[in-house]
Amino acid sequence: MQLIHNFKISISEYEQNGQDNVFPKILHCPRCHDQLIQNGFYLRHPIDLDKQYTIFIKRYRCKHCGLSISILPSFLLPHFQRTLKEIFQCMYDYYFMKKLILSRCQTLFYCRRFEKNIPGIISFFRSKINPFLKFVKKTKKKAIKLIKMIKSSPTPTFSRRYYDHLQKCFMAN
Ligand SMILES: [Zn+2]
């Protein structure tokens, strides 16, 4: 499983720090509550604004049940190579201005993913802000309203809170 953590630094600072980032210390397994041991790092190669980075992702493993836990910085999304900021900007520009900052194919892929998660995102906002939040039926209009709501809070914060709340990413398949 992945835990999303806000390191409060940029992707390039995170990269420069290598294995010396200030990683959260997680002592107990979220599944069986037994002791966790540190289990090294693995490399990821995220892309932001056409620059590729090489970063270390810290891993823990449970001695008892074998669960593996990695600490994903909140500027990334699980299973996506581009940064959260860029993916979000790409969707924002497309929904609001029909502008493409990435390829059309890539943009539509992100938007479809986002639209697939609309029910979850609505339930998140209803539980966190107001249970009576109203939405129109049309998917595109719902998406635009939600993108606006997400943009009004810091996006990495939204992404992390959503993940903590529903145990899945707001762009999950
Ligand atoms: Zn365990």
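These legends go with several close-up views of one predicted model.

Local features need pLDDT of at least 70 and side-chain atom pairs count only at pLDDT 80 or more, while totals for chains, interfaces and linings use all residues. Numbering starts from 1 along each chain as its sequence is written, and side-chain values use heavy atoms, with hydrogens and water left out.

**View 1. The open sheet, with strand order β1-β6-β5-β2.**
This sheet has 4 strands and mixed pairing. Strands here are DSSP runs of E, at least two residues, and helices are runs of H or I, at least four residues, all numbered from the N terminus. Two strands pair if DSSP finds at least two bridges between them. β1 and β6 (residues 68–73) run in the parallel sense, over 4 bridges. Look for Ile4 there: its bridge partner in β6 is Leu72.

**View 2. Helix α4 against helix α5.**
α4 (residues 118–128) and α5 (residues 139–151) pack at about 45 degrees, and their axes sit 11 Å apart. Axes are lines fitted to C-alpha atoms, for helices over the stretch in contact, with angles from 0 to 180 degrees between N-to-C directions. That angle makes α4 oblique to α5: under 35 degrees would be roughly parallel, over 145 roughly antiparallel, 65 to 115 roughly perpendicular, and the rest is oblique. The crossing is left-handed, as the near helix is turned anticlockwise from the far one by less than a right angle (clockwise would be right-handed). On the α4 side, the contact (heavy atoms within 4.5 Å) is made by Ile118, Ile121, Ile122 and Phe125. α5 brings Thr139, Lys142, Ala143, Leu146, Met149 and Ile150.

**View 3. Ser74, in the loop between β6 and α2 (84–97).**
Is Ser74 buried or exposed? With a relative accessibility of 4%, Ser74 counts as buried; the cut-offs are under 20% relative accessible area for buried and over 50% for exposed, with partly exposed in between (1.4 Å probe, protein chains only). Not counting residues up to four places away in sequence, Ser74 touches Ile4, His5, Asn6, Leu84 and Pro156.

**View 4. Leu27, in the loop between α1 (11–17) and β2.**
Leu27 has a relative accessible area of 56%, so it is exposed. Setting aside neighbours within four places in sequence, Leu27 is in contact with Asp34, Gln35 and Leu36.
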